[in-house]
Amino acid sequence: MGPARAEALAAYRALLRATRKTFASDTLMLSAWALEIRLKFEANRRVAAEAEVKRLLNEARGAFHLISHRIVQAKHNTPGGFIILPPEEHAGATMEIASEELLETEKGKRCD
């Protein structure tokens, strides 16, 4: 196994671990992210050009950072609302909670 292949496999495993940690109580998101990661890696399995491999590995590192440090799952609390308990790696980060208006705007963009 060449160094690029070993690094890609390590990146793949790291992304799956990050999704398991971030989405531990959300099986729908966990399975959706795992599928997306697998499809992305499968689609690029035969890439051989060194520059493209480096770009893809950087993209994987960015995705790992996003999943590990930028996403926090809210959990249902007993009164029917949500509570966000950010883990230690999110200490000092500012939180952006999407408004209904923003969510509707983003949904419209994806449908176009």
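This is a predicted model: local features need pLDDT of at least 70, side-chain atom pairs count only at pLDDT 80 or more; totals for chains, interfaces and linings use all residues.

**Pocket and helix packing**

I started with the second largest pocket and asked which helices line it: H1, helix H2 (27–43) and H3 each supply at least two residues of its lining.

Entry, pocket size. I looked up the volume of the second largest pocket and got about 750 Å³. The lining comes to 23 residues, and those closest to the pocket centre are Ala 8, Tyr 12, Lys 40, Phe 41 and Glu 42. H2 gives the largest share of this lining, with seven residues. Sorted by class, I have 15 nonpolar, seven charged and one polar residue in the lining of the second largest pocket.

Entry, H1 against H2. How do H1 and H2 run relative to each other, roughly parallel or roughly antiparallel? Their packing angle is about 170°, and the axes lie 9 Å apart. Angles over 145 degrees count as roughly antiparallel, so H1 and H2 are roughly antiparallel to each other. From H1, the contact uses Ala 8, Ala 11, Tyr 12, Leu 15, Leu 16, Thr 19 and Arg 20, while H2 brings Leu 30, Trp 33, Ala 34, Ile 37, Arg 38 and Phe 41. By class, I noted 10 nonpolar, two charged and one polar residue in the contact of H1 with H2.

Entry, H1 against H3. Helix H1 (residues 3–22) packs on helix H3 (residues 50–70) at an angle of about 15°, with axes 9 Å apart. That makes H1 roughly parallel to H3, and the crossing of H1 past H3 is left-handed. Which residues of H1 and H3 meet? On the H1 side I listed Ala 4, Glu 7, Ala 8, Ala 11, Ala 14, Leu 15, Ala 18, Thr 19 and Thr 22; on the H3 side, Val 53, Leu 57, Ala 60, Arg 61, Ala 63, Phe 64, Ile 67 and Ser 68. The residues of the contact of H1 with H3 split into 12 nonpolar, three polar and two charged.

Definitions and conventions
Residues are numbered from 1 along each chain as its sequence is written. Side-chain values use heavy atoms; hydrogens and water are left out. Axes are lines fitted to C-alpha atoms, for helices over the stretch in contact, and angles run from 0 to 180 degrees between N-to-C directions. Helices (H or I, at least four residues) and strands (E, at least two) are DSSP runs, numbered from the N terminus. Angles under 35 degrees count as roughly parallel, over 145 as roughly antiparallel, 65 to 115 as roughly perpendicular and the rest as oblique. A crossing is left-handed if the near helix is turned anticlockwise from the far one by less than a right angle, and right-handed if clockwise. Contact means heavy atoms within 4.5 Å. Ala, Val, Leu, Ile, Met, Phe, Trp, Tyr, Cys and Pro count as nonpolar, Asp, Glu, Lys and Arg as charged, and the others, Gly among them, as polar. On a 1 Å grid over the protein atoms alone, a cavity is a set of points where a 1.4 Å probe fits but cannot get out, and a pocket is an open set with protein on both sides within 12 Å along at least five of seven lines; lining residues have an atom within 4 Å of a point. Grid points are joined across faces, edges and corners, and a volume is the space filled by probe spheres set on the points.
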